Amino acid sequence: MHNQDQALIFESSTPGRIGYSLPEMDVQELDLASLLPEGYLREEEAELPEVSELDIMRHYTALSKRNHGLDSGFYPLGSCTMKYNPKINENVARYNGFAHVHPLQDESSVQGALGLLYDLQEHLIEITGMDEVTLQSAAGAHGEWTGLMLIRAYHEANGDMKRTKVIVPDSAHGTNPASATIAGFDTITVKSTDQGLVDLEDLRRVVGEDTAALMLTNPNTLGLFEEEILEIAEIVHQAGGKVYYDGANLNAVLSKARPGDMGFDVVHLNLHKTFTGPHGGGGPGSGPVGVKADLIPFLPKPIISKRGEEFVLDYDRPQSIGRVKPFYGNFGINVRAYTYIRSMGPDGLKAVTEYAVLNANYMMRRLAEHYDLPFEKHCKHEFVLSGKRQKKLGVRTLDIAKRLLDFGYHPPTIYFPLNVEECIMIEPTETESKETLDSFVDIMIQIAKEAEENPEVVQEAPHTTVVGRLDETMAARKPILKFQKK
Ligand SMILES: *Cc1c(COP(=O)(O)O)cnc(C)c1O
């Protein structure tokens with residue numbers, strides 16, 4: 001399947017073979033020794049592979065084929081919305097006027113770009129039901145932190161200094177408690193009921209004078225809609241806290257329900273999830289933050305606003321928490337999201353939600369005979385199964401995830417929500433065909449049968465990939481990112 005030889009390009013180096021041609025240098029060579037601190041200059045020549053241009057091209061192309069991306073196969077990663085990224089977004093982001101705009105250009109010469117950002121803000125205000133939006137934050141977690149800093153600034157402006165706690169449900173995405181901690185708050189957990197929803201009794205017990213905010217996502221990370229959301233918001237507001245909406249995944253409510261109408265004060269969105277910015281691999285994201293009127297004064301500056309017919313960057317914001325990102329945020333991702341919103345239109349966005357929810361429920365019901373379903377209710381855009389039945393046979397969800405790789409699927413999320421044993425969280429998205437959903441379900445059913453009849457084949461998976469099971473912690477914590485000659 002894979003051409004191993006191509007991956008060994010570094011080893012197949014031939015002395016003297018060169019893959020580039022450069023003109024003679026016609027400027028004075030820098031005296032690096034005088035510019036760099038002592039000890040920074042290498043003493044020996046770097047050992048670089050010596051190969052032709054064609055060989056290096058094949059090397060990188062072979063490596064790229066080892067990757068799994070949305071454009072190569074189904075990617076049902078729960079709480080991540082790996083939907084198709086329409087290629088028209090790329091065309092528009094590459095327009096000269098967008099791609100070559102310089103962040104230090106004078107406002108008067110970037111009216112088109114500012115106009116697009118302003119219009120995007122207006123669309124996001126409409127979609128979320130908030131009063132103002134900033135596009136500065138570069139990702140979901142960054143948006144969470146920004147939103148919490150706004151809440152902190154709001155309480156401090158009211159002289160309310162004792163609000164040090166952020167309440168987070170036990171089903172929350174891991175970034176929620178992490179962002180709260182980095183924003184200087186202590187987190188406390190509110191329990192879920194056995195129905196997978198916020199336990200109101202427990203919420204009443206944990207809110208108080210020290211509550212800065214409750215962070216929630218609705219539908220929650222189990223894919224279930226918090227039906228008591230108005231009462232939840234009321235409980236927190238009564239105690240003087242703010243309610244934060246983690247809107248990383250809006251696929252279940254787009255054009256159907258709005259955080260602003262559910263009682264939320266702050267929301268962040270992941271334009272690189274719901275609004276089709278490409279993501280994964282640490283590429284640029286965009287995590288706009290929307291707020292209700294009483295939090296507007298604290299928004300990061302500058303704010304993009306409109307004076308008459310002119311778009312301006314407004315720095316005159318004395319209560320602002322300051323900048324959270326240089327220039328205008330990740331402009332290219334904002335252009336892609338804008339293109340997506342404009343090309344879908346309100347009816348298109350409504351259809352997104354309807355198909356995303358239909359697809360998830362279809363898969364959930366087909367799989368429910370073969371895996372445990374911890375919550376009986378209909379789901380929203382994603383659902384959670386439990387691999388408890390398979391665990392009794394000695395097959396863990398990690399094994400199931402690895403086995404899926406043999407069939408060319410990216411595995412679902414298996415490391416959270418933490419309140420479901422051996423969870424498997426699947427988010428199909430609206431962009432997949434019924435045939436793709438069925439093929440995936442058929443393979444999941446086959447794996448459930450293998451767990452009963454031939455567990456080793458699952459326990460020892462993957463069998464077809466270039467590498468088998470990796471030490472994932474080491475790979476993340478101590479990645480080896482450069483060539484080391486053997
Ligand atoms: C993806 C996600 C985040 C974090 O977003 P990043 O852009 O990866 O920082 C936060 N909350 C939820 C629910 C998510 O799905």
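I began with the modified residue: the unreviewed UniProt entry puts N6-(pyridoxal phosphate)lysine at Lys-273. UniProt annotations like this may be inferred rather than shown by experiment, and their positions follow the numbering used here. I am working in a predicted model, where local features need pLDDT of at least 70, side-chain atom pairs count only at pLDDT 80 or more, and totals for chains, interfaces and linings use all residues. Residues are numbered from 1 along each chain as its sequence is written, and side-chain values use heavy atoms, with hydrogens and water left out.

Next I looked up where Lys-273 sits, and found it in the loop between strand E6 (266-269) and strand E7 (289-291). Strands here are DSSP E runs of at least two residues, helices are H or I runs of at least four, and both are numbered from the N terminus.

Is Lys-273 buried or exposed? Its relative accessibility is 8%, so I noted Lys-273 as buried (buried is under 20% relative accessible area, exposed over 50%, partly exposed in between, with a 1.4 Å probe and protein chains only).

Then I listed its contacts (heavy atoms within 4.5 Å). Beyond the neighbours within four places in sequence, Lys-273 touches Ser-79, Cys-80, Thr-81, Lys-83, Ala-248, Asn-249 and His-279. For Ser-79, I found the backbone oxygen 3.5 Å from a polar side-chain atom of Lys-273.

I also checked the domain that UniProt, in an unreviewed entry, calls "Glycine dehydrogenase C-terminal", at residues 353-454. That span is 47% helix and 8% strand, and its end C-alpha atoms are 39 Å apart.

Last, I visited Leu-41, in the loop between helix H2 (32-35) and helix H3 (53-65). Leu-41 is partly exposed, at 37% relative accessible area.

Technical notes
A polar contact is a pair of N or O atoms within 3.5 Å; within protein, one must be able to donate a hydrogen and the other to accept it, and residues adjacent in sequence count only if both atoms are side-chain atoms.
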